[in-house]
Amino acid sequence: MKAIHSSITAVLCLFSLLASGYLMAADQADLDASIETLKSEVVSLNQELFELEEQLLYPATTEFAVFVSMAAVDDFAVSAIKLTLDDQDVTSYLYSAQQVEALRRGGIQKIYIGNLKPGLHKLTAEILGKDTDGRSLKRTVVADFGKARSSKYLEIKITNNEKQNRPDFAIVEWK
Amino acid sequence: MRWFLLIAFAISPSVLAEDLLPEQYRASGQDALYGQALFSLHSGEYQKALGLNQALQKRRHKNTPLLKIQQATAQLGLGMSQQAKKHYKKLLTAKSSKLISHGTRAQAWFYLAKHFYNKGMWSTALQAIHQVKGGHLNPQLKDEFHFIAATLELFQGKAKQADKHILAISPQSMWAAYAFLNLAVSYTERDVHINQVDAVFEKAKMLTKYTQHPESLEDKINLMAGQFFFATGRGRSAIKHLKEVSLDGAFTSKALLTYGWALTEQWQYHDALQPWYMLKTNHSPLNQDVQETLIAIPHLLEKLNAKVMALGAFDYAGEQYEMIYKQLEESAKRLNTGEFIEPLLAQQIPDKWGAFAAIDLSLPNHPDRIYLKDVMSKSYFQGELKNLRDLHVMRSQLNSGIEQLAAFEKVQITRRDEYQQVKNDKRINLTSRQLLKLNKRYKTLRATVDKAFKNPSGVGLASEFEKNQLASFKQLNTDFKALDENGHYLQRLRRVEGVLKWALSQRYYERKKEVSKNLAILDGKIKQTRRQLKAAKLAFRSTPKSFNGFDKKVARLRTKYQQQLKRLDIVYQKQREKVGGIVKLDIKKRQKVVMDYQLQARLAAARLFDETSNKHRVVAGAEVRQ
């Protein structure tokens, strides 16, 4: 009787040990999964907040944004862009090598967003960069544009002029 | 097997999540959202990329499989490996997807395998590496692929497959040294002849020149070889390798300790003391190698028959162990009160998180830093700490989100006030009244002007006196006609009348010019007032109700943020306990080792005390007998 009792106790102990081990492992996995879920939810929430911020601070009637893109330009790396709107400096941006690569791979950067009243305006973009030989290159592009009571988007485009084998810079309006 | 782990963690070069991405460009030139998502993803801003990706998927973008790949990449970047793995497996195994070329597919599997390998998920990494078709892989990645494949196969104990991969690595590649080191370690576990093991160690050492840190790797190889030869009873070979380890590297303390033991094994007791004293003097007692040395030195002194010195050294070791034990106890307390984790988290960059954002493990002037460095060097601990850091960053993000929402509320209130101000503005009424007055004045003036300037002869502009004069002329004309037959007076009268009329006509033009000018000014005023009225009416009509609808959105988001914060706090506490648990466990292990050493030291001291006392007694007895 004593032997049966002790063997049952041993089995129970073994079972409880196994169960606690299993529960601990499950707990760890659960914790990892909850962290991932939390991360995903926080990302969604922050995106929602970001959208709300854009809607609230830059209403469609006054919104003005400037984008930067660089298509298939291998022999030029942008290092900085300075924007002047109606003779006032509005922003300047320094690019890391990773960001230049991101532009090369088709990314568009929203370099500036703000509010602008209807009327005629002037945007000046000063672009600094280096070519493959390490020579510094500085170009200024200017765009006169009209703004109505709707959003206005401009894009600073850096393209490759294949004929002259040099980069081309332009400001284009998004229709 | 534990040696493999050492190698695996030592060589974990950084892999960025975007390396997994295929070379896909944005399809539509002006798709701002997609372009921005691509920019964020390639520039390593995974959180922003994932958020934009979610927004794009909500818009039901056409390139859904591509978006899914990008989503998985961003998830990987944020350390959401489980979710990313699910997406990747689904996408990469779907052979029908034309979006992914064979080269890209091979590359993606390779980087995925590398990512899991670095995270220590070896079976998953092996599954992924088996999917890589070497033929399609970029030649620059081939050596690394063979190295990872070999290491993973060795982890699974499949030596033959591992050997195949090792032999496929180019000797000039940096991976060759690591691969041969792994091979040597696997030989030590496979009972291969000792000469062959030594040859492979030597080969690995030769190949270190192609690696980024050849000196450090060479030290490591020498230490591993030395430890292996010492463990297999080949002291001389061990000494040969251990002698080559530099004295100011990361492996110095371990090398000095093993060197001392190897010399002891060779009965070179005097020589063995030298590395141990060097180790004891130059390193902290919290270093585990020093702790072993503390008991090894008296052991050696005893062997040299310097029993009194050995007794003193055992006593000293016992005291040191007691002190170390207390220090470890205090560290454990600091861990419970959060004095360790909180400063560590506080020194992290506040907005950097995710799998690729490195953790700042420096612990300036922290009392626990010596042994914490050991714990921190373990990849598992770093992974858990990264998770805790991510939760910490997320918590501060949520808090700043709540603050931002409060600021939005203020903006909304300001906008509402502005709107009310415009609506309550009396400008329209005032301008309307002014316009009415001006119009009335204009009309009256116009009527007067019209009346005055009706006759271009300027009669309308004549003064009362002049009007009387003109009337007198008329009367005189009739009178003169009746009296004057020669018409002499009549002619004179006409001359006088002519002078007056000429003066009047002259004044007419001048006055007309002046009046026209004044009328134009008045007209201008009227037009301006009318414009003001129009603008005021337009402003009234079109004042943006830009605050409308936002209060609900803000309130809803705030509730979500607060709920999320509560949930995060619970998970944070659990994760903190987990991280703390790892360190606590390490502290306990260290305490146990220290206690063992202390016990050994005390027993040895007691034994030696007994022996030396007996000797004194024997000597004293002999003297008495004499």
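Predicted model: local features only at pLDDT ≥ 70, side-chain atom pairs only at ≥ 80, totals over all residues.
Residues are numbered from 1 along each chain as its sequence is written, with chains lettered from A and ligands numbered from 1 in the order in which they are written.

Taking the interface to begin with, 37 residues of chain A are in contact with 44 residues of chain B, contact meaning that C-beta atoms, placed from the backbone, lie within 7 Å. On the chain A side, H1(A) gives the most, with 21 residues; helices (H or I, at least four residues) and strands (E, at least two) are DSSP runs, numbered from the N terminus.

In chain B, the axes of helix H15 (residues 269-282) and helix H16 (residues 288-303) come within 9 Å and cross at roughly 150 degrees, where axes are lines fitted to C-alpha atoms, for helices over the stretch in contact, and angles run from 0 to 180 degrees between N-to-C directions. H15(B) is therefore roughly antiparallel to H16(B), a term that applies to angles over 145 degrees. Among the residues making this contact are Trp276(B) of H15(B) and Leu294(B) of H16(B).

Turning to chain A, four strands form an open antiparallel sheet in the order E3-E2-E5-E6, pairing requiring at least two DSSP bridges between two strands. Its edge strands are E3 (88-94) and E6 (136-147). Nine bridges join E2(A) to E5(A), and Lys82(A) has Glu126(A) in E5(A) as its bridge partner.

Methods. Contact = placed C-beta atoms within 7 Å. Parallel < 35°, antiparallel > 145°, perpendicular 65-115°, else oblique.
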